Amino acid sequence: MRRRSLWALAVFAAILTGWAGAQDTPKTALLALSKQNHTLAIVDPANLRVVARIPVGEDPHEVVASADGTTAYVSNYGFGAFHTLAVIDLVGQKALPAIDLGALRGPHGLVFEQGKVWFTAEAAKAIGSYDPAARKIDWIMGTGQNRTHMLYVFPDAKRIVTTNVNSATVTILDKTEGRAGGPPPGMPPAGGAPPGGERSPGMQPPPGPPPTPPGGDWQLTVIPVGKGSEGFDISPDGKEAWVGNSGDGTISIIDLAAKQVTATLTPHVRGANRLKFTPDGKLVLVSTLGGPELVILDAATHKEVKRILIGHGAAGIQIQPDGLRAYVACTPDGYIAVIDLKTLEVVGHIDAGGGPDGLAWAVRR
């Protein structure tokens with residue numbers, strides 16, 4: 001009898017141990033990529049512990065979560081060698097079938113907006129969107145710029161901003177509604193001759209107004225900035241784009257209404273990699289792979305607030321939705337530094353795997 005009781009207790013203890021080891025994904029989770037381990041870590045921000053690690057394919061660089069916080073998408077980059085987006089079930093903590101982008105090679109920057117995954121494709125000099133419901137790429141737009149790298153899609157998806165690293169430019173794409181009718185600019189009216197000449201025999205205009213491009217058209221504005229334009233962010237009020245120029249250590253500030261650079265800051269952040277506004281718009285955080293510090297700037301005065309020693313270099317930056325802490329991927333050091341945004345001090349580290357880089361938030365609704 002005593003043996004049976006001991007056996008029952010042992011089984012019960014094993015069940016409890018199993019339950020304790022199986023940690024659910026928190027409703028608000030930090031997602032962190034490891035480029036060396038080829039994994040996505042799901043982190044509980046309450047205790048800074050990794051609750052799961054899921055394989056994501058070769059050379060993962062950026063990650064984004066769906067609006068409902070249940071699915072993550074990861075770009076497998078490889079400087080154009082790869083052409084897939086890894087898909088992760090965040091609730092089940094497992095990999096799903098990857099998305100093959102075909103000729104859109106070198107996917108990098110990611111945004112989830114309007115129910116779609118928007119991505120850059122560096123080797124194709126393009127951006128596109130993938131519709132998870134329809135399981136297909138439903139839009140592609142060429143930029144004509146070299147290494148279209150990061151992007152920001154406005155909530156209504158009618159304006160997109162990208163950085164183009166090797167072209168040292170920023171592209172603003174504005175969606176325009178289709179014309180109600182009539183020929184496009186430069187085309188003769190129906191039945192008329194081409195400008196400066198006569199209509200060739202047998203040349204007839206198409207009947208009625210020209211067709212409107214599906215979903216409207218896009219106008220692209222290319223703005224020169226500093227060398228190596230890479231990480232950038234849009235101010236919370238949507239009025240400015242701040243661009244970190246990794247090649248010359250400057251930051252270009254673009255007035256998005258005027259579509260022009262209004263200021264060039266020289267905070268001496270050589271190798272500037274990522275840049276992020278705090279949710280209140282007061283501070284700007286700039287990471288660099290070329291130095292040991294995270295640089296904090298005052299968004300209103302453009303002055304330096306502080307340099308925080310965090311390691312030997314850093315890449316991805318994410319800020320808690322409540323604005324209390326920032327998370328910075330210290331790629332050479334193999335950890336994520338946690339910054340208290342009230343004291344501007346390092347308050348913790350997260351072991352997310354070797355070569356951490358892309359970070360994102362997943363908030364389950």
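How many contacts beyond four places in sequence does the model have for residues 180-184, where pLDDT stays under 50? Select that stretch to begin: the count is eight. This is a predicted model, and where pLDDT is low, the predicted coordinates should not be read in detail.

Colour the whole chain by pLDDT next. The mean is 89, and 84% of the residues reach 70 or more.

**S129 and strand β10**

Go to S129, in strand β10, which spans residues 126-131. Its relative accessibility is 1%, so S129 counts as buried. Show the side chains of S129 and D138: they make a polar contact at 2.4 Å. D138 is also one of the residues that S129 touches beyond four places in sequence; the others are K116, V117, W118, F119, K136, I137 and W139. For a distance to check in the viewer, take the C-alpha atoms of S129 and I140, which lie 6.8 Å apart in space and eleven residues apart in sequence.

Move to T143, in the loop between β11 (136-142) and β12 (148-153). Is T143 buried or exposed? T143 is buried, because its relative accessible area is 8% and the cut-off for buried is under 20%. Leaving out neighbours within four places in sequence, display its contacts: K125, A126, T148, N164 and L220.

From that set, pick K125, which sits in the loop between β9 (116-121) and β10. K125 is partly exposed, with a relative accessibility of 35%. Check its backbone: phi is near 50°, a positive value in a residue other than glycine. Most residues other than glycine have a negative phi.

**The sheet β16 to β19**

Now select the four strands β16-β17-β18-β19, given here in their order in an open sheet with antiparallel pairing. The edges are β16 (229-234) and β19, each of which pairs on one side only. From one strand to the next the twist averages 25°.

Zoom in on β18 and β19, an antiparallel pair with five bridges. I253 stands opposite A263 of β19. In the loop between β18 (250-255) and β19 (260-265), select K259. Phi of K259 is positive too, near 55°, and the residue is partly exposed, at 22% relative accessible area.

The last stop is β25, residues 325-330. How many of its six residues are buried? Five are, and the strand is mostly covered.

β25 takes part in a hairpin with β24, with five residues between the two strands. Strand β24 covers residues 317-319, and its antiparallel pairing with β25 runs over three bridges. Select I317 and V328 to see a pair of bridge partners. In the turn, G323 has a positive phi of about 75°.

β25 also forms a hairpin with β26, here with four residues between the strands. The pairing of β25 with β26 (residues 335-340) is antiparallel and has six bridges. Y327 stands opposite V338 in β26. Finish at G334 in this turn, where phi is positive, at about 75°.

Terms used: Residues are numbered from 1 along each chain as its sequence is written. This is a predicted model: local features need pLDDT of at least 70, side-chain atom pairs count only at pLDDT 80 or more; totals for chains, interfaces and linings use all residues. Side-chain values use heavy atoms; hydrogens and water are left out. Buried means under 20% relative accessible area, exposed over 50%, partly exposed in between (1.4 Å probe, protein chains only). Contact means heavy atoms within 4.5 Å. A polar contact is a pair of N or O atoms within 3.5 Å; within protein, one must be able to donate a hydrogen and the other to accept it, and residues adjacent in sequence count only if both atoms are side-chain atoms. pLDDT is the predictor's confidence in each residue, from 0 to 100. Two strands pair if DSSP finds at least two bridges between them. Axes are lines fitted to C-alpha atoms, for helices over the stretch in contact, and angles run from 0 to 180 degrees between N-to-C directions.
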